[in-house]
Amino acid sequence: MTSIDNDPLFTSLCNEKTLQSQKQGFFNEFYQSVAENFTGTSARWLQEVYQKVPSDRERLRLIYDDPVVAYEVQGTLEHVEPVFRGKDAKFSWQRREQALKLLGENKLQQALIMACQAVMRAPGQGVDRYIDKGLTLALALWTRAEVFIRQLDGKRALQDLQLAAKCGLPVKQNADYYARVAKCYALTGENGRAEVAAKLFHQLSGHNDYALSRLKEDLEDLRVLKQETPSVEVERSLPKLAGEGESNEILGASTKIKLAGSKEDARGRYVVAAADLGPGDVILTEPAYAACLHAKYFGTHCSACFARLVAPVACPDCCGVAFCSVACRDKACATYHRFECQYLDLMIGSGMSILCHVALRIVTQAGTPEKVLEEGTMLRDTFCAHMEHRDPEDHFKRTLMTAFLLRCLQKAEFFGRRTTEAPEPTEQELQVGAVLLSALQSLQFNAHEVYETRISGEHRFDTAKVQYIGVGIYRGASMFNHECYPGVTRTFLGTSMILHTSRPIPAGAVVPENYGPHFMRQPKAVRQRNLRSRYWFKCDCRACVEDWPQMDKLPNKPRLRCPNGGCGNALSYPTKPSQRNVKCNKCKQQVNLEANVKMLEASDQLCTTGAEMMADERVDEAIELLKKGITLFAQAAHPPHKPTLVAEESLRSCFADKGNANRY
């Protein structure tokens, strides 16, 4: 891959998309108001002044100091104030009452929705004593726990009861509390603990034997119902890396891959196979260095780990995001969210892209300016930014976005309590701003979309659809170069990326990833245009050089490999048995293609049977058959080959099913 000149208009549109996701956001108006100052008499200011400043840090300083733009920049930034959706005890109380009504009508799913809203909007203990005597959150959790008990979900019900107790719910003399706790333990199969909780209920109810006997009947009924109700939740974990442990040079990678090239090479650093790789080998399991959820999923997924929300846990101060557990909430609120909390709605309203949010997250998760500067050095060494090729207007927009994000950090006291309300940055703030600005450039080329598999019907594959839910940045995964016919398939578990090989790759060969356009789905001209304008390189992969046809135009039969040792030549598929004895035009040997034809037939049969296993939802069996079929094809023939490409995509679907997969 080599860099080339881009289509200026399309490149500009692609660049714009990585900075702004909403044209209607106020950042565009901010930029226009500043740009008016250098589009008239100072029309050459960008080229003659701004572009000649040698570093990101100095360009950032310039927009606060240069009289052409400083007044408009500082005047706008002075108006940055917290914008967030706060708690509302009355709203929470109303939703709780609706949940109780729906619970009485046995409309459990609707009741859960109302109870979750009650939890999310409830202020903390004692914040609003005029409603529920300051116990709105505890009572919302108490109500949701009852919904979960009715849904036979003892684990989540117990978590809510314990949270309710921490939020002030009186439990010392509360017999009903221990009755519910006993039911939770009965549902989770912890009969000993259920018995202890039942005894406490008996004591606190004044040794009411009748009430105890009723409780024990309820416990037994719950156990029976739980046994009769199959569990649909599956515990998922990261797969084991192929090879002998984890690589020392690529974060989260197998020892079966290694780095080649250098930053000075045209291709930069890239990943090659350190040993022969077979299809389905796990070569990377990497947690995100930083990851952000798309704003439209703030109400359905955990802001920290991207898990689908069932019993959301709220931030103590805002209602903008939710977490799947107390652990995720506490970790977020102790790090990045305490700086983003009151400004997240403002940032979304600005129209900034999710890449801007990831750039900010790199800073906020570091926790201190000193740590940001330390991490910034590593990030610049790892991720390319192509600053020297960036159009000055595009760079200026990113500098202006940096100033806005830096102002949010100032107001959120990321740098501590400031001695002035003026937006001009201190030297330390400028240095952090330079890290932000560098990230706003490099993320365009290095971020990965995080996806989940959404299952909308009964069958886990027939109704499955990929849905992008967020964006992450991965240090190890960023080392893979692109090809339009990738050698790996990318899936996710939470925010961790998993790379499986999708076909055999011999030792020493490049292990290619795919940045978006696959040759099966887009013609060469469209792929090249997209890659030039979005990632700023010309792709010279095999699929582009040979101009492979798209899926619907692939020939029925592939080219066969020359059977003569390491020749590797591609020979036409013999249409008649009499044509299977041919002379290779590369090694000049007479060869027989009979064995290749039979291997190809066996490969097709294995892949067909693998597809049948997928239809029966026998995923592990499907994986093994598909792997064998793909391996056999690589021994017999050269890509492209439609059945094998379908098998590689089927293999990806099987691996994705073991990652982020949710029924809707």
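**Close-up 1. Glu649 and Arg652 in helix 24.** Both residues sit in helix 24 (residues 642-657), three residues apart, about one turn of the helix. Helices here are DSSP runs of H or I, at least four residues long, numbered from the N terminus. Glu649 forms a salt bridge with Arg652, and their closest N and O atoms are 2.9 Å apart. A salt bridge puts a side-chain nitrogen of Lys or Arg within 4 Å of a carboxyl oxygen of Asp or Glu. Arg652 is buried because its relative accessible area is 17%, whereas Glu649, at 28%, is partly exposed. Buried means under 20% relative accessible area, exposed over 50%, and partly exposed in between (1.4 Å probe, protein chains only). This is a predicted model: local features need pLDDT of at least 70, side-chain atom pairs count only at pLDDT 80 or more, and totals for chains, interfaces and linings use all residues. Residues are numbered from 1 along each chain as its sequence is written, and side-chain values use heavy atoms, leaving out hydrogens and water.

**Close-up 2. Arg144 and Asp160.** Their side chains meet in a salt bridge (2.6 Å, N to O). The pair links distant parts of the chain: Arg144 lies in helix 8 (residues 136-150) and Asp160 in helix 9 (residues 154-166), 16 residues apart. Both Arg144 and Asp160 are buried.

**Close-up 3. Arg618 and Glu621.** A salt bridge joins these side chains (2.8 Å, N to O). Arg618 counts as partly exposed because its relative accessibility is 36%. Glu621 is also partly exposed, at 38%.

**Close-up 4. A salt-bridge network.** Arg57, Glu58, Arg61 and Glu427 are linked by salt bridges. The structure holds 38 salt bridges.

Definitions and conventions
Helices (H or I, at least four residues) and strands (E, at least two) are DSSP runs, numbered from the N terminus.
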